[in-house]
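Open the model in your viewer and keep the selection tool ready. The tour below moves from stop to stop.

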Amino acid sequence: MKELAFLAFVVCLLMVVPTQNTRAETTSNDVEQELQSLGLQSAAEIMSAIETGFLQGRLTPDEMVSLLSNLAAYSGEREDKEILLLTIARALKDDSLPVTMLIDKVEEGLARKVSLQTIRQMISGRANLLAEVRDLLYMNLIFTSSEYGQENCLVLPLPRFDFLVTQIADTLANYQESGRSPLEGYLIYQEMRTRLSMLQQNAIIPAEDVELILERIKPESLTHILSNVLGQQQQ
Amino acid sequence: MHKDDLEKLLRDTLQREVSEERHYLDGLDKKIVAELTGRLPRRGWFHTLTRLFVQMQRSHRRQLAVIGITAVIFLFLGIFVSERLPLFRGLFSAYDEQHTTTITANSDGGQLLFVMPAPGAQTVAVVGSFNNWKPILLTDEDEDGIWLTNLSLTPGRYEYAFVVDGRWWGQDPLADEYVRSFGGYNSVRYVGHTGDNI
Amino acid sequence: MSKEEESSVYHVQDEVSLLRASLGGEVEAWGEIVSRYKEAILGLCVGFLRNHPDAEDISHDTFIRAYENLHRYHMEKRFSTWIFTIASNLCRNRLRYRRRHPIVPLPVQMEGGCSPAITIAQEDRQAQIRQGLSRLSYRYRAPITLRYYNDLSYHQIARILSLPEGTIKTHIHRGKARLRQEIGKMEVVNHAQG
C-alpha cells in the first residue's frame, strides 16, 4: 500500500514539475537586459527605481519588459525615451507614488503611435496629479503605514491606498484631458463619486474605502488640485 | 569628522534652532487653546449628536429612540432634498442610470465578450489596458461581418479600443463608459468578481 | 476653579488622561499636550522644512489638525508617532507647495550665541550643519531630523515616513555621508577665502 502511495506521489510530481519548468518567468535580469539595450545614460538610476518598485510590489518584471521592449522598438529620440523612463522612475522612487497608470499611458501612447513628446507631456501631468492626490489623502489623514486606526479605515495597506490614489488621479486626469473647467468642483466630485461607485458595485474595491473618500474629500480640494496641476503645466 | 561628532553636532544645531524660536514657542499652547475655544460653538449639532450617542450607551431604550429619531429626520431630509432641488434630482437620476448600465453589462464574471460589427474588414483587433495595449485578434468565423472574441479577465477597470484595419474605434456600444485619451476615445468596462455583474 | 488652577491640574496628569479629557472637549487639556510636544514638533518642522516661518505655520496646523482628528487616534498606540506622522505629512505638503511658490531663503545666521560656553568654532560648525542640512534633499533630511532631533527608533521613523526600515537606515547613512561631504566642501572654500 505504501509503495502504491509513493508511486502515485512520484507520478504526480512528474506531472507537476515539467509544467512549472516550461513557464519561464521574467526576472529582474531580463528587465536589466532590456534597459541596457536602450543605451541610456541614467540606466543605473532607472534600474534602481525599478528594483524599488519590485520590492514594494508596485511593478512586475513582465510589465517592465513589455514597456522597455516596446520603447526600444519605437522610433524616436533616445533622449525622449530616457526622459519618459526617468519621469516614471522618479515618481516611483523620489515621490514614492504608484506608477501603473503612467506605464499604462505610455503603452497606450506607443500603441496609438503618438509622438514621444506628447506621451511625455501626458505622463508628467499625470505624475503631478498622482502626487497631489496622494498628498490630499495624507492631508485628510488617510495613511499607508499599518500602525493606526484600522477600525475606522484611517490606515490602508499599500495596494489599497495605491489603487485609490490611482483611480482618483485617473478620474481627475480624464476630466482635465476632456477640456473641462477645473473650477467646477462639484462636477469633478461627481465624476470621482461615479468612478468609485462603479468600482464598488463591481466588488473591485471595498465599500468602506469609497465611504472613507467620499466622507473626507471635498469638491473644493479637487478644484484646488486641478488648478495647481494646470498651473504647473503652464509654467 | 568622527561619526559621534556629527551626530552630536546635528542634535545641538537643531536644538539651538528650536531655542531661537523661544518667543514663538512660549505662546503657542495658549494660542492654540484660544483658537480652539473660539471655534467650539461651530461644532454645533454634530458635537451634540456625538455626545448623545456617547451618553446613550448607558440606556438601551434611549439609544433606540435616538437612532429612530435621527433616521426619521434624515429620511425626511433626503426625500425633501431629492424631490425639491432640481440639482440633486439630476444627480440621483444620473447615478441610477449608470448603476443600470453596470448591471446589464455583457460580462460574465471574468469572461468579457468583445463584439465589433465591421463588414468587409480584413483584420479586427482589440487593444487595451488588460494586455499592455497589444492587439488581440477578433474572428468572424461565419463571415457575417460581426467580429468577436471572448477574453478571460481578472476583476478591474479596463480601458480599450478596437482597431479595424489599422484604424482606432474607441466607442464600443457595449462599454460602461467612455473617456478621452490622446485626443481620441477609449471605451471602459468594469469586470467584477464572478457573478457580481451578470 | 480658576484658569490657573485648572491648568496646574492638567500639568500633573499623564498623557492618556490628557488625551481623554481633550476628546471630551476640554481644550485646556489639549493645551497641556501642546506644551509637552511643541518643541518636538517645531524641531521636526524646522529640520524638515529648513524655513522658520513655514515651520511655525506647520507646527501650529499640526496641533489644530491633530485636535480636530483626535477621535481617529487609538489610545493604545503611541501618541508621539501619531502626531509626528501628521506633522511630517503636513511638512511634505508644504514642501510641495514651496516647489511651486518658492521664497528666497534667508542667509544662515546664528542668533543669541553670546554664551561663553559656545565657542567660535562651535558656532562655525553649527552654521555649516545648518547650511548642509538645507542643501540635503528632503528624503535624507527627514529621517535625520527624526533620528537625531526627535530621538526616534528606526522602526518609529519608518512608520512615520511610510517607508521600510531598511530604507530609513540607508537614507540616514547616506544623508550623513553627504552632510560630511558638504561640510568638507565648505571648509575648503573657507580655507581658500581665509
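Helices (H or I, at least four residues) and strands (E, at least two) are DSSP runs, numbered from the N terminus. This is a predicted model, where local features need pLDDT of at least 70, side-chain atom pairs count only at pLDDT 80 or more, and totals for chains, interfaces and linings use all residues. Residues are numbered from 1 along each chain as its sequence is written, chains are lettered from A and ligands numbered from 1 in the order in which they are written, and side-chain values use heavy atoms, with hydrogens and water left out.

**Stop 1: cavities**

A cavity is a set of points on a 1 Å grid over the protein atoms alone where a 1.4 Å probe fits but cannot get out; its lining residues have an atom within 4 Å of a point. Volume is the space filled by probe spheres set on the points, which are joined across faces, edges and corners. Three cavities reach 30 Å³ or more.

Select A:Ile46, A:Ala49, A:Ile50, A:Leu59, A:Met64, A:Leu85, A:Ile88, A:Ala89 and A:Leu92 to see the lining of the largest cavity. Its volume is about 50 Å³. Which helix gives the most to this lining? H5(A) does, with four residues.

Next, select A:Tyr138, A:Met139, A:Leu141, C:Arg65, C:Ile86, C:Asn89 and C:Leu90, which line the second largest cavity. About 40 Å³ of space lies there. H5(C) gives the most to this lining, with three residues.

**Stop 2: aromatic pairs**

Rings of Phe, Tyr and Trp (its six-membered ring) pair if their centres lie within 6.5 Å; planes under 30 degrees apart count as stacked, over 60 as edge-to-face and the rest as tilted. The count is 13 aromatic pairs over all chains. Select B:Trp133 and B:Trp168: this pair is stacked, 6.1 Å centre to centre, with 15 degrees between the planes. B:Trp133 lies in the loop between strands E3 (124-128) and E4 (136-137) of chain B and B:Trp168 in strand E7 (residues 167-169), so the pair ties together parts 35 residues apart in sequence.

Move to C:Tyr37 and C:Phe79. Their ring centres are 5.3 Å apart and their planes at 75 degrees, so the pair is edge-to-face.

**Stop 3: charges over rings**

A charge sits over a ring if NZ of Lys or CZ of Arg is within 6 Å of the ring centre and within 35 degrees of the ring normal. Select B:Arg189: its charged end sits over the ring of B:Phe114, 5.2 Å from the centre.

How values were computed
On a 1 Å grid over the protein atoms alone, a cavity is a set of points where a 1.4 Å probe fits but cannot get out, and a pocket is an open set with protein on both sides within 12 Å along at least five of seven lines; lining residues have an atom within 4 Å of a point.
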